[in-house]
Amino acid sequence: MDYRNYDRGYAEPTMSASDYMTRTYRWMACGLLITFAMAYLTATTSLIYLVDSLYLVLTIAELALVFVLSSRVQTMSVGAARATFFGYALLNGMVLSYYFLVFSASTLIMALLATSLYFGLMAVYGTTTHKDLTGWGPRLMMALVAMIITGFVGMLFGFGFGGSVLYCGIGLVVFMLLTAYDTQKLQQMYSYYSADAEMAEKASIYGALTLYLDFINIFLYVVRLMGNNRSRS
C-alpha cells in the first residue's frame, strides 16, 4: 500500500487517531481469532486430510490473497478488503493446523502468552518512541530475504539443533523489530488517509494485516524455540 503518493488534500480528519488505531487492532485481533480457531478445528477434524492433499494449493492461495490486499487495497471496496483479510486468516489457520498436532497445548499456550508480551512491548515502543524508524525498513526487508534463503537451504540440508535455535532466534528479533516499525508506520498512514473515511478504513485493514503477520511470525518462532528446547532436554 503506497500511501506516499496519495493526495490527502487539506480536509479535516474523519476519525480520530485513537479510533483509527482501535479499528486496526480490532481487525488484527479478529484475524488472529479466526486463524487459531480454524487451526484447532482443522487439526481436530477430518479437515486435516483436506489440508494434507491441498497444502501447496492453500499456501499459494494465501500468498495470493496477501499480494492482492497489499497491492490493490486502495482500489478495493472496504467490504472486499475485509473479506480478503479474513479469507487469508482462514486459509492461514488451515495451513498452520499442523502446529496443533506437533506441539502440546501447554507449549502453544505458553508461546501465545510470550508472543503477546513480545508483540505488546514492541508495539508500545513503536507508538511512543520519538525516534524515526523509517530507516529500519530496507534493513529489515534485507533481513527477511536472507531469512527466506536461509530457511530454504535449511529445508534442503537441515540446520541441526544449534543452527535451528540460531535461525529461530534471529527470526524472532527481526519480526519484533518489524512490529515496532509497522506500528509507527500506522501513524504515518493515518496522517495521510484521515481525511478520507473510506481510505482510512481500508488503511486500518491493511495495517491490521501487517501487524497480524508480525504476530503470527513471532508466535511461530517462539513455538519452534520452545519445541527445540524441550526436545533437547
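**View 1. Leucine 58 and its contacts.** Leucine 58 touches Val51, Leu91, Met94 and Val95, with residues up to four places away in sequence left out. Contact here means heavy atoms within 4.5 Å. The model is predicted: local features need pLDDT of at least 70, side-chain atom pairs count only at pLDDT 80 or more, and totals for chains, interfaces and linings use all residues. Residues are numbered from 1 along each chain as its sequence is written, and side-chain values use heavy atoms, with hydrogens and water left out. Leucine 58 lies in helix H2. Helices (H or I, at least four residues) and strands (E, at least two) are DSSP runs, numbered from the N terminus. Leucine 58 is buried, at a relative accessible area of 10%. Buried means under 20% relative accessible area, exposed over 50%, and partly exposed in between (1.4 Å probe, protein chains only). From C-alpha to C-alpha, leucine 58 and leucine 91 are 6.6 Å apart in space, yet 33 residues apart in sequence.

**View 2. Helix H1 against helix H2.** Two packed helices are described by the angle between their axes and the distance between the axes. H1 (residues 17–43) packs with H2 at an angle of about 100 degrees, and their axes are 6 Å apart. H1 is therefore roughly perpendicular to H2. Axes are lines fitted to C-alpha atoms, for helices over the stretch in contact, and angles run from 0 to 180 degrees between N-to-C directions. Angles under 35 degrees count as roughly parallel, over 145 as roughly antiparallel, 65 to 115 as roughly perpendicular, and the rest as oblique. Met38, Leu41 and Thr42 of H1 meet Leu47, Ile48 and Val51 of H2.

**View 3. Serine 77 in its loop.** Serine 77 sits in the loop between helix H2 (47–72) and helix H3 (78–95). Serine 77 is partly exposed, with a relative accessible area of 40%. Beyond its neighbours within four places in sequence, serine 77 is in contact with Glu198 and Lys202. A polar atom of the serine 77 side chain lies 3.1 Å from the backbone nitrogen of alanine 80.

**View 4. Threonine 129 in its loop.** Threonine 129 is placed in the loop between helix H5 (105–128) and helix H6 (136–157). Threonine 129 counts as buried, at 18% relative accessibility. A polar atom of its side chain lies 3.1 Å from the backbone nitrogen of lysine 131. The C-alpha atoms of lysine 131 and serine 77 are separated by 34 Å.

**View 5. Two cysteines.** Cysteine 168 is buried, with a relative accessible area of 2%. Cysteine 30 counts as partly exposed, at 29% relative accessibility. The count of disulfides (pairs of cysteine sulfur atoms within 2.5 Å) comes to zero.

Note on methods:
Polar contact = N/O pair within 3.5 Å; in protein donor to acceptor, adjacent residues only side chain to side chain.
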